[in-house]
Amino acid sequence: EELRDCLRSHFPELIQVADLFYQEPGTVHFQHGSCDWFNLLMEEGVNQGCPLSSIFAALVFHRVLVPLQAALNDRANDRVLRGDLGDDGCGSVSII
């Protein structure tokens with residue numbers, strides 16, 4: 001559902017494509033140590049071998065990482081305002 005929310009917000013034209021690819025669980029093929037091949041149904045996430053899976057994963061990661069980066073930037077700004085370099089003062093350059 002997170003992927004659909006991201007697509008709805010940023011790329012609504014891709015919702016039908018994602019639904020087409022992911023409406024049914026995908027099959028993951030893997031080889032065990034015995035050299036025999038096995039299958040698993042993947043009911044969540046993106047399908048193995050899907051050309052759009054890395055883009056879809058990046059959209060969801062972006063949604064998670066943007067607020068985290070904002071919180072870290074706020075924390076770093078507060079630290080700099082207090083005069084705390086965050087290390088021993090040797091070798092760091094503040095980028096804020």
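The legends below describe close-up views of a predicted model.

**View 1. Overall fold of the protein.** The secondary structure of this predicted model comes to 3 helices and 2 strands, and from the N terminus on these elements run in the order α-α-β-β-α. Of the 96 residues of the protein, 15% count as buried, and the accessible surface comes to about 7600 Å², of which 59% belongs to carbon and sulfur atoms. Among the contacts between residues at least 6 apart in sequence, 34% join residues at least 24 apart.

**View 2. The buried side of helix 1.** In helix 1, which spans residues 2-10, the buried residues are Leu3, Cys6 and Leu7. These residues cover an arc of only 95° around the axis, and therefore lie on the same side of helix 1. What covers them includes helix 2 (15-22) and helix 3 (53-81).

**View 3. Two cysteines, Cys6 and Cys35.** Cys6 is buried, with a relative accessible area of 2%, whereas Cys35 is exposed, with a relative accessible area of 55%. The structure holds 0 disulfides.

**View 4. The salt bridge between Arg63 and Glu2.** Side chains of opposite charge can pair when their charged atoms come close. One of the 3 salt bridges that the structure holds is formed by Arg63 with Glu2, the closest N and O atoms being 3.0 Å apart. Because Arg63 lies in helix 3 and Glu2 in helix 1, the pair ties together parts that are 61 residues apart in sequence. Arg63 counts as partly exposed at 28% relative accessibility, and Glu2 is likewise partly exposed, with a relative accessible area of 37%.

**View 5. The salt bridge between Asp19 and Arg4.** The side chains of Asp19 and Arg4 meet in a salt bridge, with an N to O distance of 2.8 Å. This pair links distant parts of the chain, with Asp19 in helix 2 and Arg4 in helix 1, 15 residues apart. Asp19 counts as partly exposed at 29% relative accessibility, and Arg4 is also partly exposed, with a relative accessible area of 26%.

View 6. Asp5 forms a salt bridge with Arg8, and the closest N and O atoms of the pair are 2.7 Å apart. Both residues lie in helix 1, where Asp5 and Arg8 are 3 residues apart, about one turn of the helix. Asp5 counts as partly exposed at 26% relative accessibility, while Arg8 is partly exposed with a relative accessible area of 44%.

How values were computed: Residues are numbered from 1 along each chain as its sequence is written. This is a predicted model: local features need pLDDT of at least 70, side-chain atom pairs count only at pLDDT 80 or more; totals for chains, interfaces and linings use all residues. Side-chain values use heavy atoms; hydrogens and water are left out. Buried means under 20% relative accessible area, exposed over 50%, partly exposed in between (1.4 Å probe, protein chains only). Helices (H or I, at least four residues) and strands (E, at least two) are DSSP runs, numbered from the N terminus. The arc is that of the directions from the helix axis to the C-beta atoms. Contact means heavy atoms within 4.5 Å. A disulfide is a pair of cysteine sulfur atoms within 2.5 Å. Accessible areas come from the Shrake-Rupley method with a 1.4 Å probe; for residues, only the protein chains shown count as cover. A salt bridge is a side-chain nitrogen of Lys or Arg within 4 Å of a carboxyl oxygen of Asp or Glu.
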